[in-house]
Amino acid sequence: MTSASGENRSYGLTMKPDWKAAEYSYRIRWSAADRGYLASVAEFPHMKSAPEETPHAAFDALTAIVVARLRELDDDGQPWPAALAEAD
């Protein structure tokens with residue numbers, strides 16, 4: 001369930017997209033073919049960052065994409081994917 005303020009509500013709790021994005025599992029690797037660092041996120045397997053000069057830049061770029069996607073899901077009234085750590 002989504003609130004008017006763009007926060008996902010479940011089990012009576014409220015969480016902002018930025019906070020939820022921080023719970024997800026990210027992987028950053030060097031790509032010789034792309035000549036840059038690429039970030040990916042397990043909870044959204046289709047998402048990847050563009051090649052970046054530093055691991056931190058790749059992480060920041062992908063985190064911004066994840067937060068935007070969480071906001072889109074909110075706008076559509078869809079739930080957010082559970083973090084892998086929550087699946088245990």
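K16 lies over the face of W19, at a distance of 6.0 Å from the centre of the ring. This arrangement, like those described below, is taken from a predicted model.

The protein contains two helices and four strands, which follow one another along the sequence in the pattern β-β-α-β-β-α. Of its 88 residues, 31% are buried, and the accessible surface amounts to about 5,700 Å², with carbon and sulfur atoms accounting for 54% of that area. Among contacts between residues at least 6 apart in sequence, 41% join residues that are at least 24 apart.

The largest nonpolar core comprises 14 residues, and those touching the most other members are Y24, V41, F44, M47, L62, V66 and L70. Strand β4 (36-41) and helix α2 (55-75) each supply at least two residues of this core, with α2 giving the most, namely six residues. For L70, when neighbours within four places in sequence are set aside, the contacts comprise P17, K20, A21, Y24, F44, W80 and P81; of these partners, Y24 and F44 are themselves listed with L70 among the core residues that touch the most other members.

In one of them, the ring centres of Y26 and F59 are 5.0 Å apart and the ring planes meet at 80°, so the pair is classed as edge-to-face. Because Y26 belongs to strand β3 and F59 to helix α2, this pair ties together parts of the protein that are 33 residues apart in sequence. F59 has a relative accessibility of 30% and therefore counts as partly exposed. Another pair, formed by W30 and Y37, is likewise edge-to-face, with 5.0 Å from centre to centre and 70° between the planes. Both of its members are partly exposed, W30 with a relative accessible area of 47% and Y37 with a relative accessibility of 25%.

S31 is situated in strand β3, which spans residues 26-31. With a relative accessible area of 6%, S31 is buried, since the limit for a buried residue is under 20%. The side chain of S31 is joined to that of D34 by a polar contact of 3.0 Å. Apart from neighbours within four places in sequence, S31 is in contact with G36 and L38, both of which fall within the residue range of strand β4 (36-41).

Conventions. Residues are numbered from 1 along each chain as its sequence is written. Side-chain values use heavy atoms; hydrogens and water are left out. Buried means under 20% relative accessible area, exposed over 50%, partly exposed in between (1.4 Å probe, protein chains only). A polar contact is a pair of N or O atoms within 3.5 Å; within protein, one must be able to donate a hydrogen and the other to accept it, and residues adjacent in sequence count only if both atoms are side-chain atoms. Contact means heavy atoms within 4.5 Å. Accessible areas come from the Shrake-Rupley method with a 1.4 Å probe; for residues, only the protein chains shown count as cover. A nonpolar core is a set of buried Ala, Val, Leu, Ile, Met, Phe, Trp, Tyr and Cys residues joined through side-chain atoms within 4.5 Å. Rings of Phe, Tyr and Trp (its six-membered ring) pair if their centres lie within 6.5 Å; planes under 30 degrees apart count as stacked, over 60 as edge-to-face and the rest as tilted. A charge sits over a ring if NZ of Lys or CZ of Arg is within 6 Å of the ring centre and within 35 degrees of the ring normal.
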